[in-house]
Amino acid sequence: MIGGMSSRKIRLNQEALILYDWLCLNSGLNGTLLNSRAFIKWFQNEMGESLSDEQLSEAVEELKSHRLINIIGWQIEPQPFDQQKFYVD
Amino acid sequence: MIKSLSQAISIWAKTKNIRDTRKANLVKIALKLYVLPKMGYHSETLSPGEFLNLCSQISCFELNSVDILSDFDQSFLERINSGSISIATKRNYRSALGQFLNWLKTQPWYTQAERPIEIPELPRRVYADKLLSRTYDGKRLYGLSVQNLTPEIAQDLEQYVKFWRKGSSALILSLSKNNKIPHDPSERKAWRIEKVQEEVQDGTYPLSPIFRGVEEATIQQRKNQILRFLGWCVNIEGYEIQDLSIHLLTSQSLYRPYIEWLEQNRDCGPSAGIKVLNTAMSVVKYSSFEESRTTDWSDIPLLEFLLQQKNNHNRNNKSKLIELQQKKWEQKEISHEEAREIVEYLYRTLCSPQYFLIKEDGSKRLFSRDPSTIVENWQIYLMIKILVYAPVRQEELRKLRIDDTLKLIEDSEGRLRYAVRIKEHKNLLKTERPRYYPLPGILTDDITTFINKIRPLAINASKTKENWLKFWNFTERAISNLDTRLQEAKNSDSPDLKYIHSAGLRLRAMKNRLEAQEVAKINAENCNHLFFALGRSVHENFCIPFEDIHYGTVTGKISKAVGNATFTLFGQPKFLNPHGFRHIGSKHLRKIGKSSQKDKFSLFVGHGIEIDDAYANQIINEYDLIEGIIDDWWHEQ
């Protein structure tokens, strides 16, 4: 509760959420390399939809803006997901 | 961060075959009511939010430890027996759960999950005896330094260096600038007419030698050769420096005895004579540039004579050179297969943060490597791995700078690999193009791990005193304790001098290391090289790139590591130097029947096909070549 208003959960776009889960599942000890082509191909196979480079970079930006990922050099380290703050589904 | 069950379900729920069905919900219920309780979780009574929270704390890989479907069956049966559910509903849950588990098995992150970190069990390391150093008559160093020269000789030598740096076009330009053209238009006109008349009278159109500037390393080698020659004149033959000049190197009365002395007293091979004669020829070219009226100094008899001398020297020593090469390669030749085995061995034995030492009695003891050792070991491992799979010049290894000369790229097939682009390289004057090549994919993971996990151990070490001490594995308390013990030892009635000496050295080293932190911090902030010194002996060299340190440092580290590894693996030490990997690669390519690709391989390693052939020929013999085709030479390909 901030200033008497109830805090509202932030809803993430579908692509950003999928990317986040994918990054977490693919991450190693310190993070993961985002192989954009591999991800796009995987997305098309699994989700049955195409994903453009632009949509992918928007998803990355969205995760970055909510501090859900940390980009270190070429690796992306997913940050913990606060369930009180974000929609999961 | 764990790969959680909630993420796996979440992503699966969005896949094309599942998203518009009830299957994800069925899986959640099946896990909550029937599977997780069997695994010891109290999930039955949790709210949806609490259940989700629980699933975010459970690793997917926990599902591997049990037989999910059989747990589900058993649990479901218990509920049926208690009368709380009917068997009719089982099929839906079981089918959804099975589908989820099957999907998991198709996901690379699940099937190729990182194996649990295994701590290797290693026997005590064995070290190969070092190769015997050369023995000399008299002092090791006999050459002069520039400070020992007279101002005239020093100036001449400086001019010589400038001459070879420039190349003929720049020299001709600077010579023509020396002809002072009058400013006044009428004077200039008269001056030009005079020049035209001179040209007509001469009736010739003078040519001058054409040559490209020489690479800096070669210039320095030749300069040092001249300084050594002058050193021999002064320190060995007893001449006074003021009686000498660099041009004496072109006189056979002096260079001949010098070459003889090198071969007989300094244990030098026939190549030393070639180097002396090459340098002598470069001095002649320098001194006769303005005099020569041909494009290749062919009108300078002294140069022709020296060339002939060099050819004679080569001819007379051919068998000696071959014998020497064979002897040299006996001490270092390994096959490419062995080189790859060494890479695996080095990774297994050097790169883990911890290891179990297996003692002679079979018992084990756990050891942890301090961060400085991990960084040092990783650098050696990675440099050798690069040289095995990308036998480029050592110079190029030392020039790798992250996100500058070394970049991670996605290739045309979507694979991640590193690429190297170096503007300043050995053959730039010849090729006039930067070196630009991809590195094999087998190196990608290791380079990334080194950049992201290992290298930062060093780069961040000097930021705080705490990190710095941790990196080198000592504490301020250790310093003060050692100091106290040393004082006590000194004040003892019967001082142990050996201990006092060694403890004194250790204490000084620790204190110096501590003091070097500030310099190290500045070096680390400026360092973007992939490989750099850790300054084990010169503390201020911490994070100084190998590019700025004598190349012998890297050569020593690599040949020592290969020597120890070959001794352990194959019973005989082979001290292969970084350049030797180029020969090994060239030979391997030919041996496995990929000679047709040698043009591309030559491009990759950065030399002409002729040099590649020459490298291979040094270590390949007829038997090797014939063996490659002996069993199927009659088959069509």
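Predicted model: local features only at pLDDT ≥ 70, side-chain atom pairs only at ≥ 80, totals over all residues.

## How chain A is laid out

How much of chain A is buried? Of its 89 residues, 40% are buried. The accessible surface of the chain comes to about 5,100 Å², and carbon and sulfur atoms account for 46% of that. As for how the chain's parts meet, take the contacts between residues at least 6 apart in sequence: 59% of these join residues at least 24 apart.

## Where the two chains meet

Now turn to the place where chain B touches chain A. Chain B brings 34 residues to the contact, and chain A brings 32. Between them, about 3,000 Å² of area is buried, with 54% of it coming from carbon and sulfur atoms.

What about charged pairs across the interface of chain B and chain A? There are 2 salt bridges. One of these to look for is between the side chains of B:Arg19 and A:Glu49, with an N to O distance of 3.4 Å.

On chain B's side, the elements that give two or more residues to the contact are α1 (5–13), α3 (48–57), β4 (406–410), β5 (416–422) and α19 (444–459). Sort the residues on that side by kind and you get 13 nonpolar, 11 polar and 10 charged.

## A closer look at B:Thr405

Let's zoom in on one residue of chain B. You'll find B:Thr405 in the loop between α17 (394–398) and β4. Is B:Thr405 buried or exposed? Its relative accessible area is 5%, so B:Thr405 counts as buried, the cut-off being under 20%.

What does the side chain of B:Thr405 reach? It comes to 2.5 Å from the backbone nitrogen of B:Arg401. Set aside the neighbours within four places in sequence, and B:Thr405 is also in contact with B:Lys399, B:Leu400, B:Ala419, B:Val420, B:Arg421 and B:Ile422. Among these, B:Ala419, B:Val420, B:Arg421 and B:Ile422 fall within the range of β5 (416–422), one of the elements that give two or more residues to the side of chain B touching chain A.

Terms used:
Residues numbered from 1 in each chain as written. Chains lettered and ligands numbered in written order. Heavy atoms only, no water. Contact = heavy atoms within 4.5 Å. Buried area = accessible area lost by both parts, 1.4 Å probe. Salt bridge = Lys/Arg side-chain N within 4 Å of Asp/Glu carboxyl O. Helix = DSSP H or I, 4+ residues; strand = E, 2+ residues; numbered from the N terminus. Nonpolar A, V, L, I, M, F, W, Y, C, P; charged D, E, K, R; others polar. Buried < 20%, exposed > 50% of the residue type's maximum accessible area, 1.4 Å probe, protein only. Polar contact = N/O pair within 3.5 Å; in protein donor to acceptor, adjacent residues only side chain to side chain. Areas by Shrake-Rupley, 256 points an atom, 1.4 Å probe, with all protein chains shown as cover.
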